[in-house]
Each structure stands twice: as structure tokens, then as C-alpha cells.
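Trainee: Could you walk me through how to read a few features of a fold, starting with how a helix packs?

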Amino acid sequence: MDRVVDLDEAAAVLAGRTVGWRSAGLAVSQVTWRDAEALWPQPLETDRARVHDPDSVGLGISGPGEAELSVVLFRGGWADVNFVASLDDAGSLPVSDIASASDFEARLNQWVARVFGFCGGA
């Protein structure tokens, strides 16, 4: 898989946003990593030091009214984004062509605003 997005930079984006999300009342899970070198099924790790060749980084956010957002970014420049904004508003968002950690951050702000009504963070 091509290395389009630096996942360590993307994880720094997530860490930078977490304080603002939490202060806004959202619950944020630990960041998880998947190692491309791990045997199948590849476990998710919360300790970056245990991951030698990261191919994804992700986290989950939940808020009022059972709203949830799950984001997994892959180093190839795409993401799996699933959400529940309300009982009548849930699904997956198609995401591709992410070019950098800053591009990921801009999209992340849009996803958080879509689900929780604001982008929060720093």
C-alpha cells in the first residue's frame, strides 16, 4: 500500500483535537493502530511503540443523543467513516484522496460538525 498520509502526523491531529472535544462533552476513545506486518487477523493496538509498520490509525467519538463517529484513516489516503447523528441519520461517508494530515484534519472537522453540530478542538 502506498504511503500517502503520514499516520503519526494524523495521530497528532487527533491528539490535538481530543482536548477540545472532551471539553465540549464528547467521549473520545483511545487512538488505535494497525500494523501491516502483523499476522491476520491484525490486532488493533493502543500503544504506538508496538506497531512497526502502521497502515491505519483510528478512534471513536460519542456524544449526546447516542451520536457516534468512528474514523479509521489508512496510509493509502482513504478513510472508513461511520456515524450515527440521530435515529434517522446514520451511515457511512465515502472518503478517498486524502493527501496529507492537514487534509485529514479539515475533513475531520467536517465529519465532527456533521455528527455533533460543531468541530470543537483547538
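Mentor: Helices (H or I, at least four residues) and strands (E, at least two) are DSSP runs, numbered from the N terminus. Contact means heavy atoms within 4.5 Å, and buried means under 20% relative accessible area, exposed over 50%, partly exposed in between (1.4 Å probe, protein chains only). In this case, the buried residues of H2 pack against H1, E4, E5, E6 and strand E7 (89–95). The model is predicted: local features need pLDDT of at least 70 and side-chain atom pairs count only at pLDDT 80 or more, while totals for chains, interfaces and linings use all residues. Residues are numbered from 1 along each chain as its sequence is written, and side-chain values use heavy atoms, with hydrogens and water left out.

Trainee: Which residues of H2 are buried, and which are exposed?

Mentor: Ala-101, Phe-104, Leu-108, Trp-111, Val-112, Val-115 and Phe-116 are the buried ones. To see how they are arranged, look down the axis and take the arc of the directions from the helix axis to the C-beta atoms. The buried residues of H2 fall within an arc of 100°, so they line one face of the helix. Ser-102 and Gln-110, on the other side of H2, are exposed.

Trainee: How do I check the span of H2?

Mentor: The expected span of a helix is 1.5 Å times one less than its number of residues. H2 (residues 101–116) has 16 residues and should span 22 Å, in agreement with the 22 Å between its end C-alpha atoms. After H2 comes Gly-117, with a positive phi near 90°.

Trainee: How many salt bridges does the structure hold?

Mentor: A salt bridge is a side-chain nitrogen of Lys or Arg within 4 Å of a carboxyl oxygen of Asp or Glu. There are seven in this structure. One of them pairs Arg-48 with Asp-8, the closest N and O atoms being 2.8 Å apart. Arg-48 lies in the loop between strand E3 (44–45) and strand E4 (54–62) and Asp-8 in helix H1 (residues 7–23), so the pair ties together parts that are 40 residues apart in sequence. Arg-48 is partly exposed, at 26% relative accessible area, and Asp-8 is partly exposed too, at 37%.

Trainee: Are Arg-34 and Asp-55 buried or exposed?

Mentor: Both are buried, and their side chains meet in a salt bridge (2.9 Å, N to O). Arg-34 lies in strand E2 and Asp-55 in strand E4, so this pair links parts that are 21 residues apart in sequence.
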